[in-house]
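Please find below a briefing on a predicted model, arranged by topic. The sequence and structure come before the discussion.

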Amino acid sequence: MTAIRILEVVQDAELSKMARGILGGDLKGTREARAHFYDARMAGSGGWAETLDEEAAAVEADVILATSRDADTAAALARAAVEKLQEVPAVIFTTPEAKAELLKRPEFAGWDVVSVDEVSRLPFSVMRAAELTEIRRREIKLQEELGQAKTLLLKNQKSITVGRLLGSIAHEINNPLEAVANLLYLAQRQSVAERDANDCIAMAEKELQRVGDITRQMLSFHRESRTVEDILVTGAVETGLALFETRLRHSGVDVERQYRSVGCLTAYSGELRQVFSNLFANSVDAMPNGGRLIVRVQERLGAIPTLCITVADTGVGMSRGVAKQVGELFFTTKGETGTGLGMWVTRQLVEKNGGKMRVYSATTEGRSGTVFRIVFSEPNARFKSKLELKAEESMQLNRVEEKSLAGSEKDGLGPEMMTA
Amino acid sequence: MVLGISVYQPLVIVINDDQSLLESRRMLLESCGAKVSTACGEIMAIHEAILHPVDLVLIDATNVGWEHGEKICGIVRGIRPDQLIGLLVQAECGVPANTSADRVIHRTGPRRMLVEANEMLKGRLNVDLWQNGNT
């Protein structure tokens, strides 16, 4: 038999005695009612509200019982107690007159007010309130578990992305290593002239640098970022593209960069990189026979500044119904090879960083493809436009822009091709 | 008669998706007396194979578009049924169960590749079998 812990906020001793009398025994023979009393009149100079703080924390009450003859006092007691114990409902025990007055007030429409002439109803009210507390606490616990599960899924998805990339990364590393082995073998051979040997060693050195670059990219992808920072969006895009270079090349996918912004987004760098990696992975999967991957970064400086990132592919596309489900937990179009986590995580991370993601897709023959559009806008997201960046930074970043603007002249794939 | 000296320059096509690796293999095989042409990527590889009849085609099992090495093997075999094909396999990845290549060569070092390629070419490469050091 589980006891119901009642925190009684007492203003009237007579009413309190009456309540204790009826709640002191078994409640309908099923649950023992154990009351923990707090007497409002006994409060120190700090006032009863302050004293209630300590009391409330110590009691871990299931129900708050406010007893007072006066409607205003009963209401104030109950309100203060509920404020301290958020998830615990209150039952007000008062006179019929005070009850009538309380029920006239709209804010007390949902409260359980019991008057002395219906005292036999008090155990039921207390039990109902205790059950409500139990449900609320269960909900809170579930929410906490859900939060933990979400965090775990986010972490796992990152590992899955890394796992999927591992094969391609291993080959990316193996290739230059084999080239190094070949070149050193050649350099060692006695028949090779000194100049040729030096050339071989120089080439080998270059290949080793390549290995270093690959491992650095991989590590920066996997590194946990604990603080938000200003991240050059095009830089994060380039990191993602570098990780997928092999897969893109193997699949015959041409990458078209349309960088019209050198803005920095204030976000967790690892999360932003993960967003792009997931989008690129999706695009590559959608284009097994090659195609075009268009990445556009642009900003609009209006009343509400926005930073828009578009990742579009000319892949197989999705139906309107399927496109709508993209981003739902465990929804996948990849059968057994999909986890249904990638796009869910992407959406979560975009929203966490103050952005919104939309998906447009079409399966029309010859015009099929998918467009993922992520919009970060003030005030939910924080970003610095080109104008806001320091002159020094701008100069440095301009180089990235200039390099990429060459590819931005052709604007062949826009949302107009997408019907969804 | 001198054993191990090639009677004529064998023609070898090396197919791989990595330009640097391709170049190093070309240098390696050329240093052993082969005439080497390289093909980087799937379409180019097939094109090359069709254009020039060669003594040996070396294809990476997993390098050309993942698992596509075997696919290219099949395509080359379909076009030239008697073409000698060596499939370069990463030891850790295992040997493909049903390969249409004539021989699987493990990617465990330059010397092994040269020795095995030389065996396939019936000793027409200048590979010093007794060289110390590198494997």
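**Confidence and overall make-up**

Chain A of this predicted model has an average pLDDT of 77, and 77% of its residues score at least 70; pLDDT is the predictor's confidence in each residue, from 0 to 100. Because the model is predicted, local features need pLDDT of at least 70 and side-chain atom pairs count only at pLDDT 80 or more, whereas totals for chains, interfaces and linings use all residues. Residues are numbered from 1 along each chain as its sequence is written, while chains are lettered from A and ligands numbered from 1 in the order in which they are written.

- In residues 42-46 of chain A the pLDDT is below 50, and the model gives this stretch 4 contacts beyond near neighbours in sequence; two residues are in contact if their C-beta atoms, placed from the backbone, lie within 7 Å.
- Residues 405-420 of chain A also have a pLDDT under 50, with 30 contacts beyond four places in sequence in the model.
- Chain A contains 12 helices and 14 strands; helices (H or I, at least four residues) and strands (E, at least two) are DSSP runs, numbered from the N terminus.
- Of the 420 residues in chain A, 40% count as buried. A residue is buried if 20 or more other C-beta atoms lie within 10 Å of its own, exposed if 12 or fewer, and partly exposed in between, with C-beta atoms placed from the backbone.
- When contacts in chain A between residues at least 6 apart in sequence are considered, 75% join residues at least 24 apart.

- Axes are lines fitted to C-alpha atoms, for helices over the stretch in contact, and angles run from 0 to 180 degrees between N-to-C directions.
- β8(A) and β10(A) are joined in the parallel sense over 8 bridges, and D254(A) stands opposite R292(A) in β10(A).
- β10 (residues 291-300) and β11 (residues 306-313) of chain A pair in the antiparallel sense, also over 8 bridges. These two strands, β10(A) and β11(A), form a hairpin with 5 residues between them.
- β10(A) is largely enclosed by the rest of the structure, because 7 of its 10 residues are buried.

**Helices packed on the sheet**

- F330(A) is placed in the loop between α10 (320-325) and α11 of chain A. This residue, F330(A), counts as exposed because it has 10 C-beta neighbours inside 10 Å.
- F330(A) and L341(A) are 11 residues apart along the chain, and their C-alpha atoms are separated by 5.6 Å.

**A helix pair in chain A**

- Two packed helices are described by the angle between their axes and the distance between the axes.
- For helix α3 (residues 71-84) and helix α4 (residues 96-104) of chain A, the axes come within 9 Å and cross at roughly 65°.
- The crossing of α3(A) and α4(A) is right-handed; a crossing is left-handed if the near helix is turned anticlockwise from the far one by less than a right angle, and right-handed if clockwise.
- A71(A), A74(A) and A75(A) of α3(A) meet A98(A), E101(A) and L102(A) of α4(A) in this contact.

**Chain B and its side facing chain A**

- In the interface, 20 residues of chain B are in contact with 16 residues of chain A.
- α1 (19-31) and α4 (110-120) of chain B each supply at least two residues of the side that touches chain A, and α1(B) gives the most, with 7 residues.
- K122(B), in the segment after α4 of chain B, has a positive phi of about 55° although it is not a glycine.
- Most residues other than glycine have a negative phi.
- K122(B) counts as exposed because it has 12 C-beta neighbours inside 10 Å.

Methods:
Two strands pair if DSSP finds at least two bridges between them.
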